Amino acid sequence: DNEYRMHMSLWCLLAAPLMAGNNLTTMTPQTLAILTNPEVVAVDQDPAGIQGRIIMEEGPIMVMMKPMADGSKAVGFFNREQGVVNVSVKFSDIGLAETASVRDLWQKKDLGDFRGSFTADVPEHGIVFVRINSK
């Protein structure tokens, strides 16, 4: 699951064509849910068509941000190592106001309003993929 989520998130942040390399007739319901998550696919299909960029890379940790047509930012926190890693992004670094709301795109859940920054606990070989809106 983490592998599929990482790749899907990366493709969406890069505004790349979405292609599945697996057998569609035998994929699990879990894989289907990952490939068809409407909130994640919306990042890829955003009308602005802007490609995301790396805003921080330190060893196995990478943070990518993609500006969205509605002014929000899609942000992916990637952990390419073992162990859970705590990763933050300052709202000012991605062009947002001091206070912003954060939504987890994989969990399809609002995480709340945050001031100044957002910090995620990123699982090993995993991703936290959020959409952040200024308040």
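1. Asn133 is located in strand E8 (strands are DSSP runs of at least two residues, numbered from the N terminus). The model is predicted: local features need pLDDT of at least 70 and side-chain atom pairs count only at pLDDT 80 or more, while totals for chains, interfaces and linings use all residues. Residues are numbered from 1 along each chain as its sequence is written, and side-chain values use heavy atoms, with hydrogens and water left out.

2. Asn133 is partly exposed, at 28% relative accessible area (buried is under 20%, exposed over 50%, partly exposed in between, with a 1.4 Å probe and protein chains only). Beyond its neighbours within four places in sequence, Asn133 contacts Asp70, Ser72, Thr99, Ala100 and Ser101 (contact means heavy atoms within 4.5 Å).

3. The largest nonpolar core has 18 residues, of which Val75, Phe77, Ile94, Phe118, Val130 and Ile132 touch the most other members. A nonpolar core is a set of buried Ala, Val, Leu, Ile, Met, Phe, Trp, Tyr and Cys residues joined through side-chain atoms within 4.5 Å. Among the elements giving two or more residues to this core are strand E3 (73–79), strand E7 (117–122) and strand E8 (126–134). Apart from it lies another core, of 17 residues, including Met8 and Met64.

4. Phe77, Phe114 and Phe118 form one aromatic cluster. Rings of Phe, Tyr and Trp (its six-membered ring) pair if their centres lie within 6.5 Å; planes under 30 degrees apart are stacked, over 60 edge-to-face and the rest tilted. Two aromatic pairs are counted by this rule. Phe114 and Phe118 pair edge-to-face, at 5.1 Å centre to centre and 80 degrees between the planes. Phe118 is buried at 4%, whereas Phe114 is partly exposed at 24%.

Notes:
Helix = DSSP H or I, 4+ residues; strand = E, 2+ residues; numbered from the N terminus.
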